[in-house]
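User: I would like to learn how to read the spaces, surface patches and charged pairs of a protein model. Could you guide me through them in turn?

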Amino acid sequence: MPEPDSHPRGCRGCGAAAPATPSLSMAFQPILRCDEAGQGLYAYEALVRGPAGESAASVLARISDENRYSFDQRCRVTAIELATRLGLLATPAALSINFMPNAVYEPRACIRASLDAAERVGLPRDRLIFEFTETEAMADPAHLLRILASYRAMGFRTAIDDFGAGHSGLSLLAEFQPDTVKLDMALIRGVDRDRPRQIILRHVAALCAELGCAVVAEGVETAAEFHMLRQLGITLFQGYLLGRPGFEQLPVPVPPPGD
């Protein structure tokens with residue numbers, strides 16, 4: 001595994017003067033593992049917020065082509081430093097960080113700030129998950145695959161977010177199998193009373209299991225949804241039923257009713 005000092009020094013974004021980015025902080029939402037072995041923390045997802053807890057939309061509205069790279073870098077470092085300051089290392093959880101593929105010019109050079117931050121706080125690489133949305137994957141599939149392959153080679157984990165919301169999901173899975181597939185909440189909503197969704201999710205869960213990808217059901221809001229998803233073979237869950245995002249805190253997951 002290459003050391004940080006052996007990474008290429010510089011790329012179009014890394015060497016440029018950093019444009020101003022909006023002030024930001026992070027909220028963290030738990031992802032819970034529920035399987036035959038019991039329950040436990042799988043990860044916390046870092047969610048960007050304003051410095052006083054303002055919505056992600058209010059922050060993202062100020063991102064442009066000029067400051068996208070510096071914003072992406074700042075989000076990663078903030079998430080790593082804040083999560084560990086809040087006690088992440090005292091839990092078994094990984095840290096899942098959203099990244100923008102179009103803000104990564106050369107993967108090994110652009111990861112240096114994240115590597116430095118993780119090393120400063122003692123966060124092992126295999127406890128970092130970098131996730132991207134399926135819709136972003138369509139902009140430049142070849143570039144995305146280079147990023148994912150580089151991240152995996154450096155010991156990080158990867159995840160597809162909002163799987164099922166775009167059009168590239170299955171073709172992307174054929175090219176690269178991330179560690180985690182996060183199902184879009186539109187597929188989860190009302191699954192307990194929707195047979196087509198049940199059929200789709202049962203087969204997606206089986207497909208991902210065969211490919212060696214863990215599956216997270218996002219946006220789980222009711223006990224009925226949770227229990228149906230368990231029946232469909234899903235064991236990782238994220239949503240208001242289990243824990244809302246905590247601004248500058250690592251919330252303790254709420255055990256699902258009747259489990």
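Analyst: What follows takes up the pocket, the cavity, a surface patch and the salt bridges of this predicted model.

User: Let us begin with open spaces. How much space lies in the largest pocket, and which residues are closest to its centre?

Analyst: The largest pocket holds about 690 Å³ of space. Its lining is made up of 32 residues, and E45, A46, L47, N98 and D161 are the closest to the centre.

User: Which element gives the most to the lining of the largest pocket?

Analyst: Strand β2 gives the most, with 5 residues. Among the other elements that each supply at least two residues to this lining are β1 (25-35), α1 (56-60), α2 (68-85), β3 (94-98) and β5 (157-163).

User: How do the residues of this lining divide into nonpolar, polar and charged?

Analyst: In the lining of the largest pocket, 16 residues are nonpolar, 6 are polar and 10 are charged.

User: Which residues line the largest cavity?

Analyst: The lining consists of I31, Y42, A43, S96, I129, E131, A159, T180, K182 and V216. Two or more of these residues come from each of β2 (38-49), β4 (128-133) and β6 (180-183). By type, the lining of the largest cavity has 6 nonpolar, 2 polar and 2 charged residues.

User: Let us turn to the surface. Which residues form a nonpolar patch there?

Analyst: L170, L207 and L211 form such a patch, and together they have about 250 Å² of accessible area. One of them, L211, is placed in helix α8 (residues 195-211).

User: Which residue forms a salt bridge with R33, and how far apart are the closest N and O atoms?

Analyst: The partner of R33 is D35, and the closest N and O atoms are 3.0 Å apart. R33 is partly exposed, with a relative accessible area of 26%. D35 also counts as partly exposed, at 26% relative accessibility.

User: Where in the chain do R152 and D179, which meet in a salt bridge, lie?

Analyst: The side chains of R152 and D179 meet at 3.9 Å, N to O. This pair links distant parts of the chain, 27 residues apart: R152 is in helix α5 (residues 141-153), and D179 is in the loop between α6 (169-175) and β6.

User: In the salt bridge of E225 with R189, is E225 buried or exposed?

Analyst: E225 counts as buried because its relative accessibility is 2%. The closest N and O atoms of the two residues are 3.0 Å apart. E225 belongs to helix α9 (residues 223-231), while R189 lies in the loop between α7 (185-188) and α8, 36 residues apart.

User: Which residues are linked in a network of salt bridges?

Analyst: The network links E45, E131, K182 and E218. Of these, E131 and K182 also line the largest cavity, and E45 is among the residues closest to the centre of the largest pocket.

Note on methods. Residues are numbered from 1 along each chain as its sequence is written. This is a predicted model: local features need pLDDT of at least 70, side-chain atom pairs count only at pLDDT 80 or more; totals for chains, interfaces and linings use all residues. Side-chain values use heavy atoms; hydrogens and water are left out. On a 1 Å grid over the protein atoms alone, a cavity is a set of points where a 1.4 Å probe fits but cannot get out, and a pocket is an open set with protein on both sides within 12 Å along at least five of seven lines; lining residues have an atom within 4 Å of a point. Helices (H or I, at least four residues) and strands (E, at least two) are DSSP runs, numbered from the N terminus. Ala, Val, Leu, Ile, Met, Phe, Trp, Tyr, Cys and Pro count as nonpolar, Asp, Glu, Lys and Arg as charged, and the others, Gly among them, as polar. Patches are made of residues with over 30% relative accessible area and no salt bridge: like charges are joined within 9 Å, nonpolar side chains (Val, Leu, Ile, Met, Phe, Trp, Tyr) within 5 Å. Accessible areas come from the Shrake-Rupley method with a 1.4 Å probe; for residues, only the protein chains shown count as cover. A salt bridge is a side-chain nitrogen of Lys or Arg within 4 Å of a carboxyl oxygen of Asp or Glu. Grid points are joined across faces, edges and corners, and a volume is the space filled by probe spheres set on the points. Buried means under 20% relative accessible area, exposed over 50%, partly exposed in between (1.4 Å probe, protein chains only).
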